[in-house]
Amino acid sequence: MDALEILFTASFWVAAIRIASPLIFATMGELICERAGVLNLGIEGIMTAGAFAGWFTVYSGGDLWAGVLVAAIVGAMFGLLHATLTVPLGLSQHVVGIGITLLATSLTYFTYRLALPEVTSPPKIEPFQPLPIPGLSSLPVIGEALFSQTPLTYLAFVSVAAVAWILYRTPIGLAVRAVGENPSAVEAQGISVTGIRTGAVAIGSALMAVGGAFLTTSAFNSFFFQMINGRGWICIALVVFGSWRPGKALIGAILFAAFDAFQVRLQQISGGIVPYQVFLMMPYALSILALILVARRATYPKALMIPYQKGER
Amino acid sequence: MRLEPKLAPSLAVTLLFPLAAIATTLVLTSMLVLVAGASPLSVFYLVAKGAAGSQFALMETLTRATPLIFTGLAIAVAFRAKLWNIGAEAQLYIGGVVTVVLGTGTLPLPSVVLIPVIMVAVMAAGALLLLGPAVLKTRFGVDEVVTTLLLNFIVLLFVSMLLEGVLKDPMGLGWPQSQKVIAEAQLPRLIQGKRLHYGFAIALVSAVLVWVVMKRTVLGYEMRAVGHNPEGARFVGILVNRTLMKTALLSGGLAALAGFSEVSGLKGNLTLDLSPGYGYTGIVVAMLAILNPLGVIASAIFVAGIFVGADAMSRAAKVPSYIADVMVATSLLSMVVAILLARFRIRWR
Amino acid sequence: MLPFMGEVGNLAGGDNPSPEATTLSLDGKESLPTSPLPVTAVSSKPALRLSGISKRFGPLRANEAISFELKRGEIIALLGENGAGKTTLMNILFGHYVADEGTVEAFGKPLPPGDPRAALDAGIGMVHQHFTLADNMTVQENIALGTQSLWRMRLDRAAARRRIEQLSADFGLAVEPAATVSTLSVGERQRVEILKALYREARLLILDEPTAVLTPAETDALFRTLKLLVAKGLSIIFISHKLHEVMSVSDRVLVLRSGRLVGERETGSTDRKELAALMVGQEVKPAEVNPVKRGAPLLALERVSTTPYNGAGLDQVSLTLTAGEITGLAGVAGNGQAGLAALIAGIRRPTTGSISIAGREVADWSPRAALAHGVARIPEDRHAIGSIGDMSVTENVIGERYRSPRFSRMGFLNWRAARGFAEKLITDYEVKCPSPEARMRLLSGGNMQKLILGRALDPDPTVILASQPTRGLDVGAVAYVHRMLLEARDRGAAILLISEDLEEVLALSDRVIVMSKGRLSTPSSRGERSIRQLGELMAGHDGERGDHAA
């Protein structure tokens, strides 16, 4: 098969959208945090915790949706911890974020080993099944790619619309955007900066965790160590690439996923001349490249990473 | 709620807060131990015994502390200048690669020449690896956190490629591992018959040297000034970007030495599990030491002790050894809070 | 609920403009007093009553037992030096700080402490010195922020827009609701701030140093707006340290000094001299100035242009600083003074034009080059640029010369010499600090400035850049800084004094230049131009600066 022909197969786009789904959730989560002025480097760990929480709930007999909900709650808890340390206490968002990633990851592994001490290959669950949308799913290519996915993928797209609506069309979204730009504007209007930021980080972290849960309950059917594998860091790059706008970040996530799906297929047809590791490196390298391309003209939320003290301006 | 700076933190407070952070960590993690159905006291006793209860245990702890001193120093140096190097893991592996490339017979030199040559080459490689993100930061404004993190994945894949390709040990029964380094490239044991090797001594010397650089030299002064206030540093004539470059070179070089020390002193060859996350743990080590190079020695030994002790403990009690990772992460977060409380007073109104 | 709040109703909602507002027109000659707000005008309760407000920050007494009342429809001016406690008091009033003692009553009702929301709901609006606007959002979004319930699923934009347009028309505050704030001029931003307060039905408006960033024309427009507002029933607190403004806009003046209320006067029955004496606490004695002895030209800028820096960039600026002379640069903030200071300090380079020192062009201009050529720099922002707060006094004072043989050799620092130098400065400049090891951020502004001054003046510089050297300092420290600058001048240094305080410029300068829109006026010698003439120059040649409301 020709490399370019891949781009026109439905199965390629099905895979791309599937790969994009967890990234979309987590990118939206990070975007909310950063729009409120908090860089959340806990993302990698929170996704790990979400992946485990979702899977473990289902494994313990819970419903799939219950798994997603539990994952979101676990994510929000880590988000609250992050926010407590970085918002009212104003601690370094870099250090706390890395700390949250280490904590969430290690707690996940600890809990996994505690729950399943002797297991060598992780047990499987029955994951979300594709749910073709009547009518739309019979469209050529697009029908299969976009409308024959699992419910969680649809939810990912819904989350983009919801985040966009909230940020640009609701009073609270106004407050979130303002607090990331100039917190004193928010305080002067009688809204709590701490409240908005804490809320944004908690909700954002919940979305990240759902992104993690997608991997265990929709893309695969079990939990294994290191399964997040840098996806969280890539989402941080995607937020920058998307200029902190939900729509652009969505496009970024899909482009990235398409590239990822493409390199897997390219790997198969390259016949082993090029080491497979080179293909695996590409997504990470691409993320760095994307950052270089956009960084110069990126307009950061001005208060990003700057702690706020009441009455200070 | 407001934070008000304390005028002069007393010495007692300064010494007390690391202890308070450790105490907090123990309290929090003992809850996990209770969940696991074990007694916290006996578990912590087993951890302590496993870490320092015998000469063997102590040697093991110091051996494990060696790479952590290097990565801890690398992070301490970088964070001082607020260069967020989260890529010590990658720099460590590059150090391992260079050690193997030069140490497997490529350079037929006597030990006294070969080892310094390898060390210089290793440091240069690690330094160059961090120089990339530093240049991207200063020239293009790309956040170095993300680039160094992503480089960790790229470098690990690169090492995997080498170990399945050009560096693959033909006698390795198909495992992705390199050949052993030659005897001349090996760091001798510090004590006959024990695993503790000269890497530990080099780490101690490095810590002292880094301390001197930070406290006594113009470069250390510039790094601290840039870290505290880049605008203010630029105003008094410090070349901020150049200082960040120098910081990157020093930090990357130090992290790479961890890889050299592990390959040359302990493992003998390069594998994909050379480091169980020493690069990331180095962040905790550096923060526990409040970025003080001499403090890094103590905190690296402490953190290594937790890992070694937890391994021993988990064999005896039914508590997963991942408790060590939880303790380390918790201590990082408790420590940053403790530092804050030592410097500021929280006023609720 | 208070009786007069009945018709205003849902304060948080704000989407129902009060019916009265729509009946008003700006054609206000006939019946201005028709209040847009249903204030029961005869109510005898004062708009505001402060009783015994005290606030301490560590050893500093920012406010000490302050009590006063504000009547409805009155403008009072709160006058005081920088650091007299005006802003702290207003922050307490607005709920940003909590007073240690004392109570605040607004419209007869006690105000809960530490709650900006309660202050807003009580009808208090505040226009901060530094605007509290989010630059990435539109005017309308900034105004609507926080006025609708946060839990509504949809922002009512149409209603907000209608109401803003109505208020703009009623009060003559022209601004486009859909414009992004980052594109607005300073005057327009201030109008948005006032609209924000009016949108929330504010009946008491606090303006903190509102004219600092305005041209004289914009200031006049603001004053007209304020008169209109009180005519419509609002009460206003006007915070300032500028006597002529206080005299022209207020009904009553309260004078604060070192945190205490030291005087209260009806504006009609006082004069500038009395107010100045109250404000400063003693007879204001202008610094004694020796006759000028001009020497050789030391620093020359030749048609220099730069990119914008905290305001306008420089536009073909030529300037010569001569030995033994203080050149004063006056101007409204944001007109390029910051850019000129940054250029001379070496942190900005010219895009075109040249810099010469003692007649020789310096090609590679940088902080190091400036220092090497004997240029001493006292920066505008002593916290962000002039010092490194988390480093010690010793580490800060060697800053500009840490590479000199005196403080380092072969890349190693000589801490003994550094400490000795710090101790010398602490003694010579009477700096109050616990030890040379103390972190710089723990020092007061005045002590910090003395150290910066000492650091800059110690090597006997030939050129001195003093940018806002006395901003935020108390009277004693101001006099000290002035004396040091005059002494340096008499020793033969060429000094450029950049200040927003016109009186300071006039008192010290042998030559005054006005900066406007990145360009310099022709110089005038001591006493040659009146304040009025300088004011016109400050406004720029066309005077209006695009201010449509003026």
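In this predicted model, strands β11 (residues 297–305) and β14 (residues 352–357) of chain C pair in the antiparallel sense, over five bridges. Within that part of chain C, E302(C) has S354(C), in β14(C), as its bridge partner. Strands of a sheet pair through backbone hydrogen bonds, and the sense may be parallel or antiparallel.

The two strands belong to an open sheet of four strands in chain C, ordered β12-β11-β14-β15, with antiparallel pairing. At the edges are β12 (317–322) and β15 (360–361) of chain C, each of which pairs on one side only.

Chain C also touches chain A: 27 residues of chain C are in contact with 21 residues of chain A. Two helices of chain C, α3 (116–121) and α4 (139–144), each supply at least two residues of the side that touches chain A. By class, that side of chain C consists of 12 nonpolar, 10 polar and five charged residues.

Chain A has a further interface, with chain B. Here 38 residues of chain B are in contact with 39 residues of chain A. On the chain B side, the elements that give two or more residues are β1 (2–5), α5 (111–140), α6 (144–164), α11 (278–288) and α13 (323–343). Of these, α6(B) gives the most, with 11 residues. The side of chain B that touches chain A has 31 nonpolar residues, together with five polar and two charged ones.

Terms used:
Residues numbered from 1 in each chain as written. Chains lettered and ligands numbered in written order. Predicted model: local features only at pLDDT ≥ 70, side-chain atom pairs only at ≥ 80, totals over all residues. Contact = placed C-beta atoms within 7 Å. Nonpolar A, V, L, I, M, F, W, Y, C, P; charged D, E, K, R; others polar. Pairing = 2+ DSSP bridges.
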